[in-house]
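Work through the exercises below with the sequence and the model at hand. Each task is followed by a solution in steps.

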Amino acid sequence: MERVVAKDYVFHRDFSKQYPVITHAEGVYLYDEHGKRYLDASSGAIAANLGHGVTEIAEAMAEQAKKAGFVHTLRFETKVLHELAAEIGKMAPPSLNRVYFTSGGSEANESAMKLARQYHRDRGKPEKHVVIGRWQGYHGNTLGSLSAGGDSKRRKPYTATLAKFEHIHSPYCHRCPYKRSEEICQREKLLPCAEELERLIKEIGPESISSFICEPIVGSQQGAVVPPDGYLQRVREICDQNDIVFIVDEVMTGFGRTGTDFASEQFGIQPDIITFGKGVSAGYAPLAGMIVSDRIVDSLIENGDGHFIHGYTFSGHPVSVAAGLAAVRYYQRENVLSNCREQSVYLFQRLSELQQKHSSMGQIRGKGLLIGFELLMDRSQDRMFPPSFGAAERLNQEAIKRGATFYPGSGTIDGTNGDHLLIGPPLTITRDEIDELIAILDQALTAFE
Ligand code: PLP
């Protein structure tokens, strides 16, 4: 049979695009084959938390690959697997100590939702199967994780194939769907956005609900929207009262991104399962997973048949885990989180100065070095761009031309969110590099407006 010669053997996400070919990367910068430099203001997809070219991580990976490049965790273990799990267990809230590894965040969330289901089944509650997520959440692109999230653009082509999960709205005090203000909610000690969860649970019946999943700070779908005080604590209470497993997706917020190891710590909550990814290996290898509470693991051991009926070929891949262990040691030794907190204050300050100059910059929000701003047609009239215009992507293209890349998020089809730009540089970024980031963003906004 005659071979059809492809124009390009790579199956790109966007068939119409040719992307710059990166030949090397160092610190916060990527360099393409023509020598052009890009400031990586989004750490790739909020993953390269330690910047590029950290040789000790590369060396740890090479060393492990030489020792034992692959063993299957169904039959064997490695020392690095245990060492990394112990480090992660120590970083997590006190009641979460048991770590299960996957290759990516979507797989981690699939695993968490399945584990919650198995937990109920093994305790003699097989009817508890429904997952509740949020319309403004994103938990990954596999069918289960996509079903848990609410991204209308990503879901639309697959609606018929998605699992029948339930959803509530995420809090967004700046555009409160209940037309309340944060002050009123705090004064009345009543958060309708949290009570919506209780209402839905009553409607469906708690006896059929398995888990609730949410991001502590909404990343890609809303651009770093922080929930009001007390929201996550109230959700924790509601889950407890209804015997629902509370899964907090820290794939984006974990590993120092918001200034603490996990964002859950800042909100004073202990979820039943935390999922993680991205920053765990600082992007050096595909690695993610979940940290499960002792209560759930003990119950599985006591009530189940001794297995988590699940598993991936590459769970706990030795080279990925070695990258994770080297990354975690680097975070600790170099005080990366304290740099993140310090530079966060400076970046917020520089962004509010920039906002004075640009009418397209709406609300600025976030925590640590996960910061977003709304992109508006005109702030004084609070007008959003139509979703089909792709405003945030256009702004990012202007930035790329000028040597920086951000993480744009476009408006949703149903209009519940507008455009935003997410800024998440490596947590090792310096003040001078932030100045450069702001200068390029300034030029890009001018060209865009
Ligand atoms: N959860 C959150 C909060 C994410 O931001 C992402 C990715 O952007 C995922 C899950 C999915 O992770 P992955 O792309 O590694 O499958």
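**Exercise 1.** Which domains does the domain assignment give for the protein chain, and what are their bounds?

*Solution.* The model is predicted: local features need pLDDT of at least 70, side-chain atom pairs count only at pLDDT 80 or more, and totals for chains, interfaces and linings use all residues. Residues are numbered from 1 along each chain as its sequence is written. The assignment gives domain 1 as 22–53 + 335–448 and domain 2 as 58–333; such bounds come from an automatic or database domain assignment. Over C-alpha atoms, the centres of domain 1 and domain 2 are 25 Å apart.

**Exercise 2.** Describe the side of domain 1 that touches domain 2.

*Solution.* Start with the contacts: 32 residues of domain 1 meet 31 residues of domain 2, where contact means that the C-beta atoms, placed from the backbone, lie within 7 Å.

Next, assign the residues of domain 1 to elements. Helices (H or I, at least four residues) and strands (E, at least two) are DSSP runs, numbered from the N terminus. At least two residues each come from helix H1 (43–46), helix H13 (336–357), strand S11 (361–367), strand S12 (370–378) and strand S16 (419–423). H13 gives the most, with five residues.

Last, sort by type. This side of domain 1 has 14 nonpolar, 14 polar and four charged residues. Ala, Val, Leu, Ile, Met, Phe, Trp, Tyr, Cys and Pro count as nonpolar, Asp, Glu, Lys and Arg as charged, and the others, Gly among them, as polar.

**Exercise 3.** What is the strand order of the open sheet of seven strands?

*Solution.* The order is S4-S10-S9-S8-S7-S5-S6, with mixed pairing; two strands pair if DSSP finds at least two bridges between them. Strand S4 (96–102) and strand S6 (166–168) are the edges, each pairing on one side only. From one strand to the next, the twist averages 25°.

S4 and strand S10 (residues 288–293) run antiparallel and are joined by six bridges. Phe101 has Gly289 in S10 as its bridge partner.

Two helices lie across S4 and S10. Helix H3 (residues 79–91) runs at about 130° to S4, and helix H11 (residues 294–303) at about 80° to S10. Axes are lines fitted to C-alpha atoms, for helices over the stretch in contact, and angles run from 0 to 180 degrees between N-to-C directions.

**Exercise 4.** Which of the 16 residues around the ligand come nearest?

*Solution.* They are Gly104, Gly105, Ser106, Gly140 and Val251; a residue is near a molecule if its C-beta atom, placed from the backbone, lies within 6 Å of it. Helix H4 (residues 105–122) supplies the largest share of the shell, three residues. By type, the shell has five nonpolar, nine polar and two charged residues.
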